[in-house]
Amino acid sequence: MTDDGEREQVGAGDRPGTTVDQVTTTVDQAVARAIELACADRRAVLGIAGAPGAGKSTLARRVVVAVDAALGAGTAVQVPMDGFHLSNGALDALGRRDRKGAIDTFDAHGYVALVRRLAAPDDAVIWAPDFDRRVDEPIAGSIAVPPSVRLVVSEGNYLLDDTTPWSDLPAMFTETWFCAVDDRVRVDRLVGRHMRHGRDHDAARAWAVEVDGVNAARVAATATRASRTVQT
């Protein structure tokens with residue numbers, strides 16, 4: 001049992017890809033669980049899934065800050081799936097720029113390969129890409145993950161998708177969490193985000209509903225595969 005009385009989750013070190021029960025927690029309870037994971041004998045890799053605007057990145061940042069505060073700076077690191085967005089040039093060539101964020105606009109095999117490396121660390125620093133929203137592009141080799149890191153937190157839309165190669169991911173993660181939030185709140189967050197990055201209100205809302213909305217529906221169907229739902 002955990003301190004908050006929840007059932008303990010089965011991690012990758014016990015039976016890969018399985019859980020005892022899915023539980024629903026608050027953000028504070030989830031953060032406490034992350035600190036427990038970082039105290040384990042081996043590196044933990046935490047996957048946080050959720051629809052666009054669900055609060056995945058915010059939760060991931062909060063987890064990293066809390067773990068480092070409790071166990072020392074450099075204990076945890078955030079590695080976003082968004083670093084594996086295809087570049088805008090590649091999306092233009094594929095005719096998919098107007099659907100950026102859809103599952104086929106990511107380098108899925110590259111991301112799965114990185115998670116596999118992160119879950120089986122050796123004595124080398126692993127360099128991961130980041131995503132810069134200011135230029136709307138992935139930035140290669142931006143995030144250092146040294147062997148001393150005890151908890152890697154990786155967040156993204158499709159971590160629980162059941163298509164190849166995404167379906168390989170659950171067995172690599174120590175735990176998978178799903179961010180849940182009211183759809184009206186989620187869409188409002190997205191509209192604000194898109195407006196901050198240059199779209200007017202109408203264009204921002206159209207993208208949030210017509211593009212992000214399609215992706216959100218796909219992601220929502222994967223929620224039951226998570227070991228834990230976090231109300232954000």
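Arg62 is partly exposed, with 41% relative accessible area. In this predicted model, Arg62 forms a salt bridge with Asp28, and the closest N and O atoms are 2.3 Å apart. The pair ties together distant parts of the chain: Arg62 belongs to helix H2 (residues 56-71), Asp28 belongs to helix H1 (residues 27-38), and 34 residues separate them. Asp28 itself counts as exposed, at 53% relative accessibility. Behind a pairing like this is a simple idea: side chains of opposite charge can pair when their charged atoms come close.

How many salt bridges are there? The count comes to 13. Another one is formed by Asp92 and Arg97, with the closest N and O atoms 3.1 Å apart. Here Asp92 is partly exposed, at 45% relative accessible area, and Arg97 is partly exposed too, at 35%.

Now for a pair in another setting. The side chains of Arg228 and Glu175 meet in a salt bridge at 3.9 Å, N to O. Once again distant parts of the chain are linked: Arg228 sits in strand E8 (residues 228-231), Glu175 sits in strand E7 (residues 175-180), and they are 53 residues apart. Are these two buried or exposed? Arg228 has 0% relative accessibility, so it counts as buried. Glu175 is buried as well, with a relative accessible area of 2%. The pair also belongs to a network of salt bridges that links Arg33, Glu36, Glu175 and Arg228.

Let's move on to Gln78, which lies in strand E3 (residues 76-78). Its relative accessible area is 19%, and because buried means under 20%, Gln78 falls on the buried side of the cut-off. What does the side chain of Gln78 make a polar contact with? The partner is the side chain of Glu155, at 3.0 Å. Leaving aside neighbours within four places in sequence, Gln78 is in contact with Ser57, Ala60, Arg61, Val64, Ile143, Val153 and Glu155.

Next comes helix H5, which covers residues 183-196. H5 has 14 residues and reaches 20 Å from its first C-alpha to its last, close to the 20 Å expected at 1.5 Å a residue. Which residues of H5 are buried? They are Arg186, Val187, Leu190, Val191 and His194. Looking down the axis of H5, you find these buried residues within an arc of 135 degrees, so they line one face of the helix. The face turned away from that buried side carries the exposed residues Arg184, Asp188 and Arg196.

What covers the buried residues of H5 includes helix H6 (201-220). Ala206 is found in H6, and at 28% relative accessibility Ala206 counts as partly exposed. The C-alpha atoms of Ala206 and Val191 are separated by 8.6 Å, with the two residues 15 apart along the chain.

Both ends of H5 deserve a look. At its start, a side-chain oxygen of Asp182 reaches to within 2.9 Å of the backbone nitrogen of Arg184. After the helix comes Gly198, whose phi is positive, near 110 degrees.

That brings us to some backbone details. Most residues other than glycine have a negative phi, and most peptide bonds are trans. Asp136 has a positive phi of about 60 degrees although it is not a glycine. Where is Asp136? Asp136 lies in the loop between strand E4 (126-132) and strand E5 (137-145), and is partly exposed, with a relative accessible area of 31%. As for the peptide bonds, a cis one joins Thr164 and Pro165, with omega at about 0 degrees. Pro165 is found in the loop between strand E6 (151-156) and E7.

Finally, a word on confidence. The mean pLDDT of the protein chain is 91, and 91% of its residues reach 70 or more. Over residues 1-20, though, pLDDT stays under 50. For that stretch the model has 39 contacts beyond four places in sequence. Where pLDDT is low, the predicted coordinates should not be read in detail.

Methods: Residues numbered from 1 in each chain as written. Predicted model: local features only at pLDDT ≥ 70, side-chain atom pairs only at ≥ 80, totals over all residues. Heavy atoms only, no water. Helix = DSSP H or I, 4+ residues; strand = E, 2+ residues; numbered from the N terminus. Expected span 1.5 Å × (residues − 1). Buried < 20%, exposed > 50% of the residue type's maximum accessible area, 1.4 Å probe, protein only. Arc of directions from axis to C-beta. Contact = heavy atoms within 4.5 Å. Polar contact = N/O pair within 3.5 Å; in protein donor to acceptor, adjacent residues only side chain to side chain. pLDDT = per-residue confidence, 0-100. Salt bridge = Lys/Arg side-chain N within 4 Å of Asp/Glu carboxyl O.
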